[in-house]
Protein chains: 2
Amino acid sequence: MQTTPLEHSWDELPHLIGAADAATLGGFFDTMPLGEAAHAISRLDVDQQRRLFEILDPADAAHLVEQMVGIQAAEMLDDLDPGVAARILHELESDGQADLLASFEPQDAEAILAELAPEEAASARLLAEYPADVAGGLMSTEYLSFPVDSTVDRVIDELRHHAKTYADYTIQYIYTKDRKGRLRGVVPLRSLMLSSGQTQLAEVMIANPLSVSAETPLEDLEDLCNRHGYLAFPVTDSKGCLVGIVRRAAVQEARAERADGDYLKAFGIVGGEELRTMPLVRRSSRRLAWLTVNIILNVVAASVIAYHQETLAAVVALAVFLPIISDMSGCSGNQAVAVSMRELALGLVKPSEVMRVFFKEMGVGLINGTVLGLLLGLLAGWWQGNMYFGLVVGAALAINTLVAVLIGGSIPLVLKRFGIDPALASGPMLTTITDLCGFFFALSFASAALPRLVG
Amino acid sequence: MQTTPLEHSWDELPHLIGAADAATLGGFFDTMPLGEAAHAISRLDVDQQRRLFEILDPADAAHLVEQMVGIQAAEMLDDLDPGVAARILHELESDGQADLLASFEPQDAEAILAELAPEEAASARLLAEYPADVAGGLMSTEYLSFPVDSTVDRVIDELRHHAKTYADYTIQYIYTKDRKGRLRGVVPLRSLMLSSGQTQLAEVMIANPLSVSAETPLEDLEDLCNRHGYLAFPVTDSKGCLVGIVRRAAVQEARAERADGDYLKAFGIVGGEELRTMPLVRRSSRRLAWLTVNIILNVVAASVIAYHQETLAAVVALAVFLPIISDMSGCSGNQAVAVSMRELALGLVKPSEVMRVFFKEMGVGLINGTVLGLLLGLLAGWWQGNMYFGLVVGAALAINTLVAVLIGGSIPLVLKRFGIDPALASGPMLTTITDLCGFFFALSFASAALPRLVG
């Protein structure tokens, strides 16, 4: 049998790990096709992963960590001896370090920090303390700053002498500061290049540059990126001293991660990200935690049916339509949730504008409720040969569609206003309410029209 | 009544538009708090928007377009006179131009292109033709390239002489090419700075640099960004000639947009993005298109109930549990869908690995099915005082949970393999199948145990 190069590489990896040859292993991953590294590692068992990262040169290991999915890298590093993990962490950039440390249990993070040089540990600890979605959590501390009266030659000399250290810095700007360390200006690398050697930075810098505080939220950073073409924004503390830089790419990446997170949460992956390489019990129990809440909410909603059992016994055909009404209202409501989530994320609607959304959804609810109600009502009436039956089913779906879009549109705004994560809670709350209402409408309309239905 | 600065700004905007003072309007948006511009514009009616962009200086208008949400900007530009739209488009960078042009109807795009300079139009037309999720669709054509034997001084001279033109270029690399225009190397701006003026680019360049083709998909570009720290990747054609550059930030932004799109699609916003400022009929009909498909699928699934009406008439209490079984199975299945979607996006699973996912989900399905089945079964049995009833309900939920996670986990992979968008189709297909199976299990178990249930 012919093996493709891909299968070939896969087969080899466990052997290479067995041979424990750091150089070969490092080279192996460098020559892998794009996107294969994370995949290949995820096919190793926990022991093989641990061996692999113990064998690899720390710089190669760090390079591999950068190619892995965040959660995958965090799980793997957490399994390593703290000393090994620290050596790998040391090779990462400050923002990458902070992201990983923030995802460990506090005692695991401390064990690794204890193995780092005190200065590096202090800096990493500081960054890891900020939430992931503010400038402090996104910033990196690899930047270059010089006194404002330095000459261009001095800066170029410094760059030349420490070329190796700075090779990892993706430098686009030189920052200038006054004697007290306060940010005074920004010099794009290009301006530096176009200036004569004796020029002082003060002459070429953009003075009083735009800067953000460590608490600036992701939404505002996104907006800054849209408003300005800059590749990085300086972060200053309350005294105006430079503490780090936030890169444009870090903002975009955080935005992508938030969108991914919202997707997972909306689908009930809420206890943290799941990969299928994680232990079965953890995957299962995390999913169950959310399902258990849901089953309770479902029972509450279905109790409306239990309450109307006599009506249902008289008109059993209605039982066919209850799940349809429940599901369709959920669908209509979820569309409105999605639009609200999107508008919130884009800053096009504010949590206080519930009434505006309410009225905007009312039009959609009236039209779509009417169309869907007519469709299902006609089908139900025709099937039972009883137009009153169709009227009960159609009216219930029509009214409940309106209810669903009104609630679906408003609920993310209301939850956000109360500080509850709308990606997490909107779905279950919406379906509970729409199920309750849908069952109530259908069964109470049927109760009212009972003589016409059982004629 | 005191007005906050925010409300104040809002009130003013229509007046400013009425006064038609381009300079004041331009300044007004510059001083707006972060995130307010897109929001303020979305509160204007269509006529006011059109007036605003007609009045504004094209550069200011372009700056505002960059702060707007893509779809919002596209709708607005589409309403403008092609001449006005072209002048604004001219001020945008090439990748921004292409994104907007791609979102117009072909004839509208052509009308605008006809107003641009022929060369610019040809370049924009070329970029707009690539799909948005490959290197060609993400690249920009603002880059600097020089013959490989140019001296550093010559490059610096060029930069100095065209400082104004290049001010908009976010240059980090200078590309070198041979006589036939083929990409030969990359010179980071920093290397240029550290070299003497007479040095030839060939001596400082990174030779045979990494480059991608215009067809390179987003996933591979993401992986390149993870693997290398570069801020941009050159894009070459089949002859090896440089045709553009893909910036790291553009890759991250596209990734965020894909995640957003998947979120919207999964919730049934499928005909294109929706903003509440769009016309009611369009919003309503787009949502309806998806709902109509869903109602048909729902009717198909519920027909199983209709078929078992006699059983249901004998055990009406079962009608209380059918929506619970349907909804809970949907939840369990959607969790598995979300994990598969995520692993697909991260490249941790390949569409061909259905069996692997199947077995990974089986464990979760067995555990969670058992727990949920026990919970609901005990409740049902206790409520009806009949443990056979509980057994019917519990077994149906347990088995259907297993079915749901198996299908939920596999379906995105299978759809992807057949070239169907899994974000779009996974949800409706999953719930149809799980509803069908759930109703079937519950009702056929009940039929089988009927004598025990109606005792």
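Predicted model: local features only at pLDDT ≥ 70, side-chain atom pairs only at ≥ 80, totals over all residues.

Now apply the rule to our helix, α17 of chain A, which covers residues 248–266. With 19 residues, α17(A) has an expected span of 27 Å, and the distance from its first C-alpha to its last is 27 Å, close to that expectation.

Next, is this helix buried or exposed? A residue counts as buried if 20 or more other C-beta atoms lie within 10 Å of its own. By that test 19 of the 19 residues of α17(A) are buried, so the helix is largely enclosed by the rest of the structure.

What happens just after the helix ends? There you can find A:G268, which takes a positive phi of about 85°.

Now turn to a neighbour of our helix. To describe how two helices pack, we use the angle between their axes and the distance between those axes. For α16(A) and α17(A), the axes come within 10 Å and cross at roughly 130°. Angles over 145 degrees count as roughly antiparallel and those from 65 to 115 as roughly perpendicular, so an angle between these two ranges is called oblique. The pair α16(A) and α17(A) is therefore oblique. As for handedness, α16(A) passes α17(A) in a left-handed crossing.

Helix α16 of chain A runs over residues 218–227, and A:N226 is found in it. A:N226 has 19 other C-beta atoms within 10 Å and is therefore partly exposed.

Helix α17 of chain B, residues 248–266, has 19 residues and reaches 27 Å from first C-alpha to last, close to the 27 Å expected. It is mostly covered, with 19 of its 19 residues buried. Just after α17(B) comes B:G268, with a positive phi of about 90°.

A positive phi turns up elsewhere too. In A:A20, a residue other than glycine, phi is near 55°. A:A20 sits in the loop between α1 (5–19) and α2 (22–30) of chain A. With 12 other C-beta atoms within 10 Å, A:A20 is exposed. In chain B, phi of B:A20 is near 55°, again a positive value in a residue other than glycine. B:A20 has its place in the loop between α1 (5–19) and α2 (22–30) of chain B. Here there are 13 C-beta neighbours inside 10 Å, so B:A20 counts as partly exposed. The cut-off explains the two labels: a residue is exposed if the number of neighbours is 12 or fewer.

Helix α20 (residues 318–345) packs with helix α22 (residues 387–417) at an angle of about 30°, with their axes 7 Å apart. That makes α20(B) roughly parallel to α22(B). The crossing of α20(B) and α22(B) is right-handed, and the residues of their contact divide into 17 nonpolar, 10 polar and one charged. Helix α22(B) also meets helix α23 (residues 422–448) of chain B: their axes come within 9 Å and cross at roughly 155°. This pair, α22(B) and α23(B), is therefore roughly antiparallel. The crossing of α22(B) and α23(B) is right-handed, and their contact has 21 nonpolar, five polar and one charged residues.

Note on methods:
Residues numbered from 1 in each chain as written. Chains lettered and ligands numbered in written order. Axes fitted to C-alpha atoms, helices over the stretch in contact; angles between N-to-C directions. Helix = DSSP H or I, 4+ residues; strand = E, 2+ residues; numbered from the N terminus. Parallel < 35°, antiparallel > 145°, perpendicular 65-115°, else oblique. Left-handed = near helix turned anticlockwise from the far one by under 90°. Nonpolar A, V, L, I, M, F, W, Y, C, P; charged D, E, K, R; others polar. Expected span 1.5 Å × (residues − 1).
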